[in-house]
Amino acid sequence: MKEIELKIPNLGEAEDTEIIEISVKKGDKLNKNDPIIVLESEKAAMEVPSDFDGKIKDIKVKEGDSVREGTVFAVIEVEEIKAPEEEKEEIKASPNKPSRIEVEEQTTEKSSFDFSGINAGPAVRKIARELEIDLKKIIGSGKNKMITKDDLKNFIHSNSNIQKVEYADLKSLEVFGEYEIENQSKIRRAGAKNLTQSWQSIPHVSHFEEADITKIEKQRKDLNEISAIKITPLAYIIKATSLALEGFPLMNSSLVDEGKLMIKKYINIGVAVNTGEGLVVPVIKDVNNLKIGQIAEKILEISIKARDKKLMKDDVTGSTFTISSLGGIGGTGFSPIINPPEVGIIGVSRARIIPKIESENFVNATILPFSLSYDHRVINGVDAGNFMAFIKSTIEKGL
Ligand code: CAO
């Protein structure tokens, strides 16, 4: 074992520099090139790595100390000195050699972010580069607003999308009785993953509305007398929604980055279809150019394809908004989960006939409950209310 004093190397133009970070403590085991301290001059921050494998015996400086070339900053205990003679020669000949002092501003390592002008040590920059974190988004708590490792850790924790997925504890449940384990289909598993991600990452709000569909129900029944295919209330809701999307482009958008909204100029509506294997969402393209009968045809076509597992990639991609209808089943309202990267989804429940007062008389009215779940980062309550009121009045006027 041999003890070696570690000295501040040649710092190039900088004479006095400040120690802004001590990356090790007494007793730490180090490998060659592990960072020991971080210095900061007026021009750059630089990391001083270890030239040896060994153990830190003593640290002679503290954060904030001003040091210059030759200052002993630590003592390391080594078994064997590995620095080859020729490397030492090279260092002497070229005192600014970056392998010895890593000058961050000169690094050529690829990064998707520009860290120039950022006050952060090399260790923080290195981690940020590796994890593709934009340091400009972090407010440093250190001296001169320097971003410390703790600032970076806090940022990573508060921005992490990786959240724990909850599963029941099999062991604690199996004591209560007999059971069997069933494997979920691929479609259900994919759906579960997407729904969890959407629910965990998008702030959902649901808005509930009702429309009097008495008028369109009469029209629908008349149409069904002559139509080769069955027209359901869903075709009308899809049509009314496409008109609303034309008038409320915010609803036909995707949040593509912080503060950046992609407003789509086309209207493709995804329709949730229940298959024996789970839920799929085929897409009806350019809905706003289709008539009610054509939309009904499309609903039939995609439902058959979905149930026969014949959907191709093009059939299930490119939707700008989604509608999920449980109207054929029942229910008075539900809050569907947004289908990312969209910002809204409509849930349709079952219409029912109820007495309604019209000109001081009771009349029978067919009332359709429907709801909207929206991404509150993009849509506010007023937008949602207006959007839903538009759909309601469009349906009530008749299409
Ligand atoms: N109110 C009253 N009746 C309705 C209705 C409504 N909102 N919507 C449909 N109906 C009626 C239809 O007119 C039809 O009546 P008849 O049998 O008398 O002709 C019946 O209910 C069945 O309709 P349908 O469900 O076959 O047709 P659709 O166009 O309404 O829906 C489809 C098509 C593919 C969307 C539907 O079959 C389906 O798969 N729905 C499930 C969607 C789903 O699972 N969503 C998930 C919710 S959250 O996970």
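Modeller: The model is a predicted one. Within it, Asp286 sits in the loop that runs between strand S16 (283-284) and H8. Its backbone deserves attention: phi of Asp286 is positive, at about 45°, although the residue is not a glycine. In general, most residues other than glycine have a negative phi, and most peptide bonds are trans.

Asn33, another residue that is not glycine, has a positive phi near 80°. Asn33 lies in the loop between strand S3 (29-30) and strand S4 (35-40). At Pro340 and Pro341 the peptide bond is cis, with omega about 10°. Pro341 is part of the loop that separates S17 from strand S18 (344-348).

The shell around the ligand receives two or more residues from each of helix H7 (233-247), strand S14 (273-275), helix H8 (292-307) and strand S17 (321-325). In total, 21 residues surround the ligand, and the closest are Thr232, Asn274, Ser324, Ser349 and Ala351.

The side chain of Ser324 places an N or O atom 2.8 Å from a ligand nitrogen. A polar backbone atom of Ser349 is 2.9 Å from a nitrogen atom of the ligand. For Ala351, a backbone N or O atom is 2.8 Å from a ligand nitrogen. The ligand taken alone exposes 960 Å², of which the protein buries 70%.

Finally, H7 connects this shell with a helix pair. Two packed helices are described by the angle between their axes and the distance between the axes. The axes of H7 and helix H10 (residues 381-397) come within 9 Å and cross at roughly 130°. H7 and H10 are therefore oblique to each other, and their crossing is right-handed.

Terms used:
Residues are numbered from 1 along each chain as its sequence is written. Side-chain values use heavy atoms; hydrogens and water are left out. A residue is near a molecule or strand if one of its heavy atoms lies within 4 Å of it. A polar contact is a pair of N or O atoms within 3.5 Å; within protein, one must be able to donate a hydrogen and the other to accept it, and residues adjacent in sequence count only if both atoms are side-chain atoms. Accessible areas come from the Shrake-Rupley method with a 1.4 Å probe; for residues, only the protein chains shown count as cover. Helices (H or I, at least four residues) and strands (E, at least two) are DSSP runs, numbered from the N terminus. Axes are lines fitted to C-alpha atoms, for helices over the stretch in contact, and angles run from 0 to 180 degrees between N-to-C directions. Angles under 35 degrees count as roughly parallel, over 145 as roughly antiparallel, 65 to 115 as roughly perpendicular and the rest as oblique. A crossing is left-handed if the near helix is turned anticlockwise from the far one by less than a right angle, and right-handed if clockwise.
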